[in-house]
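Take a walk through this model, one region at a time. Keep the sequence beside you as you read.

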Amino acid sequence: MRRSCGWVLGAVAALFVAAVAQAGTALRGSFNGWGSWELSADTAFGGGLYSALTVTGVGGTPAEFKFQSADGAVGWLGAGTAALPNANVGEARKDGGPNLTLTADAAKHYTFRLKGNDTWWNRSFVVMETDAAPVGIAAVADDHGRGGGAAAVTVTVTTTAAPSPQERVYVRWSTDGFAHATVTAAGGVGTTYTAVIPGQPQGTAVAYYVLTSTLPYGAVAAEPDLCTLRGDSNGGAHYRYTAASPLRVSTDGGASWRDADYTTSKFFCDERAGDRHAVLVRYALSAQDVVCAEVFSNLDRRDYADVDYTNAFVTGDGYADGICPPDGNLISTNDAGAYFTAFPMAALGGGVYEWTGRVSRCGAYRLTARHKTAGQGPTAWRWYGEGGARDHAVVVSPAKALALTLYELNPLTVNATAPDAAGRSTFASLTDAGNGKFNLGHLDLLRANCLWLQPIHPNAATTRGNPDGFTPGSPYATRDAFAVSGWLGADGTEATALVEFTNFVARCDGHSGPAGSVHIMLDGVFNHTAWDAEYGQGGVALGLCADADGRIGLTRPGWYARMTDYGAPATRYIDAYDNDFATAPDRGDFGKWPDVAELYFGNYSALVRHNPEDNDAYKSEEDGYDHAGMSADVKDLWRYVAYYADFWLARTGHPCVNGADAAQDDLGIDGLRCDFGQGLPPQFWEYFINHTRRLKWNFVFMAETLDGGEPGRRSNRQFDILNENIVFAFKTMTATAQFREAYEGRRSTYDGGAILLNLTSHDEEMPFADPWRTASRYGCNVMIDGLPMLFYGQERGIVPATGTTGGADQGFARFELNFGKYVPHFKQWNQATFWETPPAYSAGLEQWYGRVNGARLASAALRSPNRYFLSRREGGGDNPKILAAAKVEKGGAGPSPSNDVVLAFALILDEAHAAASETYDLRGPWALLGLRAERLYNVRDLASSESEAYLWPEPRSGQSLYDEGVWVSLAADSGGPITRDGALVQVLRLVDVTPWRGLLLQYR
């Protein structure tokens, strides 16, 4: 930052500042014939109590002088204590006594500085002598961004000229608003001087300013405002910084930095394409005897998650280090085969060390740092986290996560012909292309490429927790996670259901519709089970049991939390009704789920051990886990749950090997929506994710974390996608600014991580009784990087239910009251009725959703995080009814066959279905768009029925777009159906149509 000095004084016979004068305060002496040279008030230092004057031509051995007071009664400040130039502080008294004296040299410059005002009888003053005119401060800068809290900060001061020998440069700094302060002398030559502010604890706010003086250090430290010759206080605001964490990370090559303490770096990576990224880490240390510094991390080491590593200091425990890692003190840079290992950092000087980590493998990672001082043994380290700082997380997600458009359904209900067992739908019905209901052809119509299935596994056989006797019961009360519910097979057997399911996944993998193959996301329930849960084939495969039908509780009660303490294992199980298992979840602030028992994953910071006294613990961000206290039961539970993905990948056709055949990367199930994912320890999710990615690198994990806030931030440190609370916000947002705030707030909170952009789900009601208002919100979501989602029936225009029995507009035969909302019943037999009796106003909706989803699939820019929300050309700001954004595949590259550039617009409908139009300014995102004034452009609406047709009758020059902007009109449903082109959404792809050597070259 650059600032001029606080006040500048001349260098002629009588020179003084032309700032606001302290009326009547003047210097009178033998050297000016006892005339009056006014002192000027210094408004930058000392709160207006100081005035100063710099003069030359002052001679005399001695010269006599006084200060003139504005007080007419006495009028003079004279006799007192003399101030010897550059030596001491004097005192002028308002008593009319004899003159003050000064031995001066007429060739030198003298600065007189006086404290107080006319009401003071005694006023301190100093005289500062310099060979030449005092220098000003040309610039002030510091390097606080280079290091961290433990590192000293160097302040660099540039003066306007080389100072006189008498002038010294000082930095005065404080951490408490200058209630206490330290003055530090700066050293240097010429016009460049530096001073060092010691490292401060993380989070400490430091303020400082710069001054010059000719007085001794003791005088300057005692009365800095009086002894200031020249200075720069940043306009009175002071220069400021907040001491950062000693460990800092950068993902943009050092252009910007963030504290490592509980922050997250997010990347999207295509391993098949060989994507590479980097994380730059700096560790700033204040210790003088540091001999080495290291990063300690598992970054890019997901394939080692199941290693049980040993060395001269580490003895294996028979479990994967991703489950229970060894003491990090016992791991060195030589341990290349360990899951967590050490990486040497390079010394940059000044106590700062640096390391660059490679990011090339999808996974969930964390890193910290450590150092060693002289004399420490081979396993003795000082750790960054010793003072309570937490690890930095690095989440590397499959790039395909940003290309998914989800469709959620309950496979028992979606194609049901009646709300009973006989009328249920099965996986075989989902592959029936001629059923007139849901099938893969329906997904083609919607251009949806990812199917989220509510849980498909056998659920509880017991009725415990289900006093209403719902049949077939909740699919979220899982009895056997390694089988498919017999209800999903034509003959009612699990064997048939498994065959039907695996056949369906194979059909999805081989599907070649407009949206490509269909990805399958299972709904996994891992923090609780049915009260009569069985091991299933997973238990047998892992050697945990001999009988797949054996009840877990009978032999492993320690896998469950104890009813009196969720932080302790249960001890007793006789049957589903006679045990000491805790009812899920651990939290008690929104009630329990009586049909499920809580699993015990060990002790961690966010675990709620007791209700209600510990209920707020779920918000904890301390990030601790008690690895030392892990029992064999807990370790085996981690193995058992993580095996879920292994099992289902193998059953659905994936080879469970990365890199064997690129064509097989996408085979098998593709992801998990993890029910109540925020409720399990982060360390477990890291293991589960890395263990799975060791088999299928592009497997996608989505966490249910509907609380948002602290649980959302916690889940963001492991998961690719967050199913979080934006779903609630869409019900109340009515204006552009609210949508922008919601999207931008989550981008900032989740470090650019992907969120589920859903308007409803199996736990929620439709947001509006007007399906076109719902569709307009979906249009907003399509232009945002994340995952737009349709809930089955949304594309047919279903509306919120008003009771337990559904009507035609509500789309289902049965509803359940859930947290005050009627949601489609998934515990009782149900039927999707919207196929046979479409709701009102549903005409054209399926086609409309297909067009906007198709635009998203066709536009890499639309899916990209590179966005700029557009403002109105006249007057700026938003049109409150149009969400408008510029989106680019690659910033600054301009439209071309290899770089997609779009302008996206969505109408935010209200009750009146009002149309809106606006002219939008492209000057703000001009550099991002990469447009050129001399080129010619046209646009195609990717969301229209004629997505290849140009909209503008004549091409427009870049200069015209810059000068005039782009006009858009969104007509709502006025005069036509919702399928009318451009009614709610327009995705305008910019095409460069500039002729080349007389030929008109275009791209599609």
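Start with helix 8, where Pro682, Gln683, Phe684, Trp685, Glu686, Tyr687, Phe688, Ile689, Asn690, His691, Thr692 and Arg693 are buried. Buried means under 20% relative accessible area, with exposed over 50% and partly exposed in between, for a 1.4 Å probe and protein chains only. This is a predicted model: local features need pLDDT of at least 70, side-chain atom pairs count only at pLDDT 80 or more, and totals for chains, interfaces and linings use all residues. Residues are numbered from 1 along each chain as its sequence is written, and side-chain values use heavy atoms, leaving out hydrogens and water.

Twelve of the twelve residues of helix 8 are buried, so this helix is largely enclosed by the rest of the structure. What do the buried residues of helix 8 pack against? Their partners are strand 27 (363–373), strand 29 (392–398), helix 7 (632–651), strand 39 (671–675), strand 40 (700–704) and helix 9 (709–716). Contact here means heavy atoms within 4.5 Å. Helices (H or I, at least four residues) and strands (E, at least two) are DSSP runs, numbered from the N terminus. Helix 8 spans residues 682–693 and reaches 16 Å from its first C-alpha to its last, close to the 16 Å expected at 1.5 Å a residue. The expected span is 1.5 Å times one less than the number of residues.

Now look at a pair of helices. Helix 12 (residues 771–782) and helix 13 (residues 845–858) pack at an angle of about 5°, with their axes 10 Å apart. Axes are lines fitted to C-alpha atoms, for helices over the stretch in contact, and angles run from 0 to 180 degrees between N-to-C directions. Helix 12 and helix 13 are therefore roughly parallel to each other. That term covers angles under 35 degrees. Among the residues that meet are Trp772 and Tyr778 in helix 12, and Trp848 and Tyr849 in helix 13.

Next come the strands. Strand 22 (residues 277–284) and strand 26 (residues 352–359) pair in the antiparallel sense over eight bridges. Pairing requires at least two bridges found by DSSP. Ala278 has Arg358 in strand 26 as its bridge partner. Strand 25 (residues 346–349) also runs antiparallel to strand 26, joined by three bridges.

Finish at an open sheet of three strands, in the order 47-50-53, with antiparallel pairing. Strand 47 (871–872) and strand 53 (966–970) are its edges, each pairing on one side only.

Note on methods. Angles under 35 degrees count as roughly parallel, over 145 as roughly antiparallel, 65 to 115 as roughly perpendicular and the rest as oblique.
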